[in-house]
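Keep the sequence and the model side by side.

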Amino acid sequence: MAASYMRQKLTTFTETVFPTNPTQEKRQHHMIRPGNELVTSLPLQIALYFNVYFFPFWLLTCVVMLSLKFHHLTQLFQFVSITIYIVISGTEAMRLYLGYLGNLQERVPELAGFWLLTLVLQLPLCVFLLAARGAKPTPSEIGVHIVFLIFLLSEITIGFFALKVMSRQQVMKFHLQEFDDILNPNREEFIDNRYQQLR
């Protein structure tokens, strides 16, 4: 009780000494409200962190091995292998960016995009590279593909639960905001008037 009272008095004092515009004041007021917990997923962030450092190693290994075995592949698998590596490389950068952005800033659409790119695009392509015998995978390629597949499977699993928790939290915040707007219908008008008085 005393902590919330002190926080309220400190906030009031800070607002009078350092006036801000109404949108920043409203945003700051929501940020200091107790009960706003962060729901970013630490296991997902750890997986993304190591995946960022592993991906250049995976790409370098695959490009070197593809250049060594390129003339031993059929024309179909030459085209398919190059296409798959280009698609995976382009998608992986975007996928990891969406994962970082969605997880750290608690943005559900970006995290859902990350999860869908992982599940629908990256996972089948990685499984194809492991399973296609016509691509003649070398032992080093099999090793890096297995590690990459482990990253993908862990990110799919952890990402699903993180997305579920984060979307539930966002729905709860929305309902609380609606409830707060019902209880305080003149709140924005009050903030505008107070801002005008401070000027």
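Phe54 is buried, because its relative accessibility is 12%; buried means under 20% relative accessible area, exposed over 50%, and partly exposed in between, with a 1.4 Å probe and protein chains only. This is a predicted model, in which local features need pLDDT of at least 70 and side-chain atom pairs count only at pLDDT 80 or more, while totals for chains, interfaces and linings use all residues. Residues are numbered from 1 along each chain as its sequence is written, and side-chain values use heavy atoms, with hydrogens and water left out.

A pair of aromatic rings is described by the distance of the centres and the angle of the planes. Rings of Phe, Tyr and Trp (its six-membered ring) pair if their centres lie within 6.5 Å; planes under 30 degrees apart count as stacked, over 60 as edge-to-face and the rest as tilted. That rule gives 9 aromatic pairs. Phe54 pairs with Phe57 in a tilted arrangement, with 6.0 Å centre to centre and 55° between the planes. Both sit in helix H3 (residues 42-69); because they are 3 residues apart, about one helical turn separates them. Phe160 and Phe161 make an edge-to-face pair, at 5.4 Å centre to centre and 75° between the planes. Phe160 is partly exposed, with a relative accessible area of 38%. Phe161 is also partly exposed, at 48%. Phe55, Trp58, Tyr85 and Phe148 form one aromatic cluster.

Now to helix H4 (residues 75-104), which holds Gln78. Helices (H or I, at least four residues) and strands (E, at least two) are DSSP runs, numbered from the N terminus. Is Gln78 buried or exposed? Gln78 counts as buried because its relative accessibility is 16%. Leaving aside neighbours within four places in sequence, Gln78 contacts Phe70, His71 and Leu73; contact means heavy atoms within 4.5 Å.

How does H4 meet its partner, helix H5 (residues 108-131)? Their axes come within 9 Å and cross at roughly 155°. Axes are lines fitted to C-alpha atoms, for helices over the stretch in contact, and angles run from 0 to 180 degrees between N-to-C directions. H4 is therefore roughly antiparallel to H5 (angles over 145 degrees; under 35 is roughly parallel, 65 to 115 roughly perpendicular, the rest oblique).

Finally, the whole chain. The protein chain has 7 helices and 0 strands. Of its 199 residues, 34% count as buried.
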